[in-house]
Amino acid sequence: MLRMMTWNIRTGGRDRTGPDRRDLVCRVVAAQAPDVLAVQELRGFDRPGVLAGFADLVGMRPYLARTCFGQPVAVLVRPPWRIRSAGPVRRPFHHAAQRVELATTAGPLTVLSTHLDPYTGLRRRVEAGWLVGAVRRAPGELALLAGDLNTLDPGTEHADRVARLPAAYRRRHLRRDGRTVETRAVARLLAAGLVDLWTHAGGPADPTYADGPADATHVAGLADPTHAAGLADPTHAAGSAGPGHAAGPAGAGLTAPTRHGGGVEFSGMRLDYLLGTPALAARLRDFHVVRGGDTEYASDHYPVVAELDLDPA
């Protein structure tokens, strides 16, 4: 079984005028113990020794994509998973995209970690097209796109959520007419045949929102198709518990903001995704949005974790 996690750790886990959160980040990663970690907003991680030090602390091998405009991204892999190849997606992303190809007993698995443009939907749509090309170039049928896509999904009603944003941030999620919610980046990825693993999972039956340690909202037992029947459909739900915080099944998949990690640019939103090819989605066995404990302070985004029926070759 392969445990996959994606997480935007916010400015490299260290604020310019705030606390150093890197110990919290490492504790969350250690607690979740992913085999593959897609991580975004790695400010300062391209300096000598920073990424290597982080990778040593979490027991993984790092593969970094540098950036010209924004912040680096990376994929980290835990032994004994074997890397067939790795390298950046060579396009002018605002941030970056990193590709890693792993050897599995079911054939090669391509993992892409990315972070799309935070400011304009048109730019995100262009970047989504570059990622579609990277997926199509992947060998075999198994590919997974992970990261902070900075955009909302096309299957949900978002008008109220976007209206709650401050005006300076609201325009990031609206098209040029100032009224239509911008969802075209995710729509482009779905139109290319990728599957949203959150909606594929069906959403959690009993989400929990606790401040206690190591709690997660998740869907388990997906190997049994009867287990997921009747679960809440997150594409038809809305609601919140206070500004930016979700309550009940309506908000179980939301990934930003956390309770204490900042994030005034969010209003309770699902911005972090795991999108897979159909062959990859068929191997999904569990899905988590990890909440509570250190995750509430380590970043302004929650980690997203999936269990996939894959073994190292």
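## Helix α1 and its end

Helix α1 is followed by A33, a residue with a positive phi near 50°. The model is predicted. Helix α1 itself covers residues 22-32. Its buried residues are L24, V25, C26, V28, V29 and Q32.

Among the strands they pack against are β1, β2, β12 (284-291) and β13 (304-308). Helices α2 and α9 (295-298) are partners as well.

## How α1 meets α2

Two packed helices are described by the angle between their axes and the distance between the axes. Helix α1 packs with helix α2 (residues 50-58) at an angle of about 40°. Their axes are 9 Å apart. That angle makes α1 oblique to α2.

The crossing of the two helices is right-handed. On the α1 side, V25, C26 and V29 make the contact.

## The chain as a whole

The protein chain holds 9 helices and 13 strands. It has 313 residues, and 56% of them count as buried.

Take the contacts between residues at least 6 apart in sequence. Of these, 69% join residues at least 24 apart.

## A six-stranded sheet

An open sheet is built from 6 strands. Their order is β5-β6-β7-β8-β11-β9. The pairing is mixed. Strands β5 (82-88) and β9 (195-196) stand at the edges. Each has a single partner strand, so one side of each is left without a neighbour in the sheet.

Strand β6 pairs with strand β7 (residues 107-115) in the antiparallel sense. The pairing runs over 9 bridges. Within it, V100 stands opposite V111 of β7.

Helix α3 (residues 121-136) packs on this sheet. The strands touched by α3 are β6, β7 and β8 (142-148). The direction of α3 makes about 165° with that of β7. Helix α6 (residues 184-191) lies across β8, β9 and β11 (272-276). Helix α6 runs at about 15° to β11.

## Q98, inside strand β6

Where does Q98 sit? Its place is in strand β6, residues 96-104. Is Q98 buried or exposed? Its relative accessible area is 2%. Buried means under 20%, so Q98 counts as buried.

The side chain of Q98 reaches the backbone nitrogen of A65 at 3.5 Å. Beyond its neighbours within four places in sequence, Q98 is in contact with Y63, L64 and A65, among others. Its contacts also include V73, V75, A86, G87 and P88. V111, L112 and S113 are contacts of Q98 too.

N150 is found in the loop between β8 and α4 (159-163). With a relative accessible area of 9%, N150 is buried.

What lies 2.9 Å from a polar atom of the N150 side chain? The backbone oxygen of L116 does. N150 touches L116 and also H115, D117 and P118. R124, H173 and L271 are among its other contacts, with residues up to four places away in sequence left out.

## Two cis peptide bonds

A cis peptide bond joins P79 and P80, with omega about 15°. P80 is found in the loop between β4 (73-77) and β5.

Another cis bond runs from A256 to P257. Its omega is near 5°. P257 lies in the loop between β10 (215-219) and β11.

## Positive phi in two loops

R10 is not a glycine, yet its phi is positive, near 60°. R10 lies in the loop between β1 (2-8) and α1. At 25% relative accessibility, R10 counts as partly exposed.

E41 is not a glycine either, and its phi is a positive value of about 60°. This residue lies in the loop between β2 (36-40) and α2. Is E41 buried or exposed? The relative accessible area of E41 is 14%. The cut-off for buried is under 20%, so E41 counts as buried.

Note on methods. Residues numbered from 1 in each chain as written. Predicted model: local features only at pLDDT ≥ 70, side-chain atom pairs only at ≥ 80, totals over all residues. Heavy atoms only, no water. Helix = DSSP H or I, 4+ residues; strand = E, 2+ residues; numbered from the N terminus. Buried < 20%, exposed > 50% of the residue type's maximum accessible area, 1.4 Å probe, protein only. Polar contact = N/O pair within 3.5 Å; in protein donor to acceptor, adjacent residues only side chain to side chain. Contact = heavy atoms within 4.5 Å. Pairing = 2+ DSSP bridges. Axes fitted to C-alpha atoms, helices over the stretch in contact; angles between N-to-C directions. Parallel < 35°, antiparallel > 145°, perpendicular 65-115°, else oblique. Left-handed = near helix turned anticlockwise from the far one by under 90°.
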